[in-house]
Amino acid sequence: MNDVIVIGAGMVGSAAALGLARQGLSVILVEAFEPNTLFQPEAVDNRVSALTRASEKLLVDLGVWAEMQAMRVMPYSDMHVWDAEGQGSIHFDAAELAEPSLGHIVENHVTQLALWHAMQQMKNIQIICPDAVVAVDRKADVSMVTLKSGQQLGASLVVVADGKNSVVRDLLGIETQGWLYDQHALVATVKTGAGHRNTAWQRFMPEGPLAFLPLGIDGDKSCSIVWSTTPEKAEQLQLMADAQFCAALTLASEGRLGEITAVESRAVFPLELKHATTYIREGYVLVGDAAHAIHPLAGQGVNLGFQDIEALLSLVSQAGQQGRDIGSWRILRQFERQRKGANMTMLAAMDVFKRLFSNRFKPVSVIRNAGLSMVDNLGPIKHFFVRYAMGLD
């Protein structure tokens, strides 16, 4: 019998598998889709993450950050946020915190690839791919999974990291709460006339936020964008000719980054909030999007997942030192107590921000703009918010 089975080899699942293997545990990783294991510098992933300093620390500890840097990561030192319906704005500067950066913008493929390469070097990780889970069971102290291929696997602990539409979560009978937002997100890679200046830019508009995330290619001319808007407008934006789209994006950004001169790799996906009613069953634990899916306006999705893994690794290490069963209810209940409250707080905060900044009621707009400007002028409060977002507090 193995120590751990991890279901899902996305960024969070791969981090879990690698971290648990580095503790000396035997790990089986099950993934449904064959990954692309080659880094092609000219190919830019249109899905990126704003990795916090806390996430960076985890990836350093896992031994993959150096390879990620060798491929492509982009530190950003500043963030500008402003409201489209008023003069309210706020500016975050890493120098004010005596920090080298606020975080890093990293293509998801870069993070995934570095984790995959590291796992391939671990003799105590067995990767089963492509394959998928079709049934689960718990017998005595063994968590069982049956794969589509017919294999049956058993372990002390199964880590469920197969995304927001988790099949294994459904097989475990764990329900979710949440809702679809009245927004879709359009992602793309664009070139800007004035450059990003190592800065993340976000404009709050009534239909949803528009974010420019700096990329480390073409000097400082390229950004990844996340444009949240109504489903109808997102579809229109996706179908526009390149020149028409660039003009619309220049207008929507008020030209803060100059004229948008090129766009590539447009894609649209729906936005939703989803939260599992429980993260655990005896011998099973949900992490990442399988446990919680969040609005992307603050870029916290994968960071919450990495915080899940950091907490899980700590508890599993303690259990091992004390000779306890790592899949026991007591251990997993500790994990749920640590992570569920923190995740619910962040999900609720992002939901409030989404609703607050989408509200066109004039008094709300006035208060919202005044609040942004007030926080911008209150150093200790602003520093607390940004350090919390960076995972430093």
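**Note on the predicted model: helices and overall make-up**

1. Helix H1 (residues 11-22) and helix H4 (residues 108-120) have axes that come within 9 Å and cross at roughly 30°. Angles under 35 degrees count as roughly parallel, so H1 is roughly parallel to H4. The crossing of H1 and H4 is left-handed. As a caution, this is a predicted model.

2. Which residues of H1 and H4 make the contact? On the H1 side they are Met-11, Ser-14, Ala-15, Ala-17, Leu-18 and Arg-22. On the H4 side they are Asn-108, Thr-111, Gln-112, Leu-115, Ala-118 and Met-119. Sorted by class, the contact of H1 with H4 has 7 nonpolar, 4 polar and 1 charged residues.

3. Helix H8 covers residues 301-321, which is 21 residues. From its first C-alpha to its last, H8 reaches 31 Å, and this is close to the 30 Å expected at 1.5 Å a residue. Just after H8 comes Gly-323, which takes a positive phi of about 75°.

4. For the protein as a whole, the model has 11 helices and 19 strands. H1, H4 and H8, described above, are among the helices.

5. How much of the protein counts as buried? The share is 52% of the 393 residues.

6. The last point concerns contacts along the sequence. Taking contacts in the protein with a separation of 6 or more, 73% are accounted for by residues 24 or more positions apart. The contact of H1 with H4 joins residues such as Met-11 and Leu-18 on one helix and Asn-108 and Leu-115 on the other.

Note on methods. Residues are numbered from 1 along each chain as its sequence is written. This is a predicted model: local features need pLDDT of at least 70, side-chain atom pairs count only at pLDDT 80 or more; totals for chains, interfaces and linings use all residues. Side-chain values use heavy atoms; hydrogens and water are left out. Helices (H or I, at least four residues) and strands (E, at least two) are DSSP runs, numbered from the N terminus. The expected span of a helix is 1.5 Å times one less than its number of residues. Axes are lines fitted to C-alpha atoms, for helices over the stretch in contact, and angles run from 0 to 180 degrees between N-to-C directions. Angles under 35 degrees count as roughly parallel, over 145 as roughly antiparallel, 65 to 115 as roughly perpendicular and the rest as oblique. A crossing is left-handed if the near helix is turned anticlockwise from the far one by less than a right angle, and right-handed if clockwise. Contact means heavy atoms within 4.5 Å. Ala, Val, Leu, Ile, Met, Phe, Trp, Tyr, Cys and Pro count as nonpolar, Asp, Glu, Lys and Arg as charged, and the others, Gly among them, as polar. Buried means under 20% relative accessible area, exposed over 50%, partly exposed in between (1.4 Å probe, protein chains only).
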